[in-house]
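Good morning, colleagues. Please take a moment with the sequence and the structure before we turn to charges and surface patches.

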Amino acid sequence: MQAVKEKLSDIAAMRKAKAEAKAEEQEEKDLAKARIEVAKEMRKAKEAEAQVEHHLAKAGQKAEKELAKPHPYHQNLDNPSHSPIPNTTNDHQMHHTDRGSGIPPPEGHAEPRLTREFPPATN
């Protein structure tokens, strides 16, 4: 009878050891999966950052290219006789104020804003 009790005790100890080893192995697998996922997300973040830098560089180049182009209202302001576009004071002011009247704004009044303001984004 004592031998049977010892054998059952040994079997229970083996099962316990096996369950602990299996749980430890599962924890290691989960940790490895988490590390892999973190590595993938880091790679994706680096790729996205590189893409942003690339697009910012392209936008900067396009902006420089546009700024290098002569603007018809700003050509030869010192000598308007050589300008292909008539550059009178009224045309020039109308272009900058976007009012249509060509009259400069009265003292103490700001020129109208040319940008649109959008309400803040809500989530």
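Let me begin with a definition: a residue is called buried under 20% relative accessible area, exposed over 50%, and partly exposed in between, with a 1.4 Å probe and protein chains only. What you see is a predicted model, in which local features need pLDDT of at least 70 and side-chain atom pairs count only at pLDDT 80 or more, while totals for chains, interfaces and linings use all residues. Residues are numbered from 1 along each chain as its sequence is written, and side-chain values use heavy atoms, leaving out hydrogens and water.

I start with Leu8, which belongs to helix H1; helices here are DSSP runs of H or I with at least four residues, numbered from the N terminus. Leu8 counts as exposed because its relative accessibility is 55%. Together with Val4 and Ile11, Leu8 makes a nonpolar surface patch of about 270 Å². Patches are made of residues with over 30% relative accessible area and no salt bridge, joining like charges within 9 Å and nonpolar side chains (Val, Leu, Ile, Met, Phe, Trp, Tyr) within 5 Å. The areas come from the Shrake-Rupley method with a 1.4 Å probe, and for residues only the protein chains shown count as cover.

Which residues gather in the patch of negative charge on the surface? They are Glu20, Glu24, Glu27, Glu28 and Asp30. Asp and Glu count as negative, Lys and Arg as positive, and His and the chain ends are not counted. Each charge is placed at NZ of Lys, CZ of Arg, CG of Asp or CD of Glu. Glu20 lies in helix H1, which covers residues 2-68.

I now turn to charge pairs. Side chains of opposite charge can pair when their charged atoms come close. A salt bridge here requires a side-chain nitrogen of Lys or Arg within 4 Å of a carboxyl oxygen of Asp or Glu. How many salt bridges does a search of the whole structure find? It finds four, and I shall describe some of them.

Glu25 and Lys29 form one, at 4.0 Å from N to O. These two residues are four apart in helix H1, about one turn of the helix. Glu25 is partly exposed at 43% relative accessibility, and Lys29 is partly exposed at 45%.

Glu41 and Lys44 form another, with their closest N and O atoms 3.9 Å apart. About one helical turn separates Glu41 and Lys44, because they are three residues apart in helix H1.

Finally, Glu66 pairs with Lys69 in a salt bridge, where the closest N and O atoms are 3.0 Å apart. Glu66 is partly exposed, at 49%, and Lys69 is partly exposed as well, at 47%.
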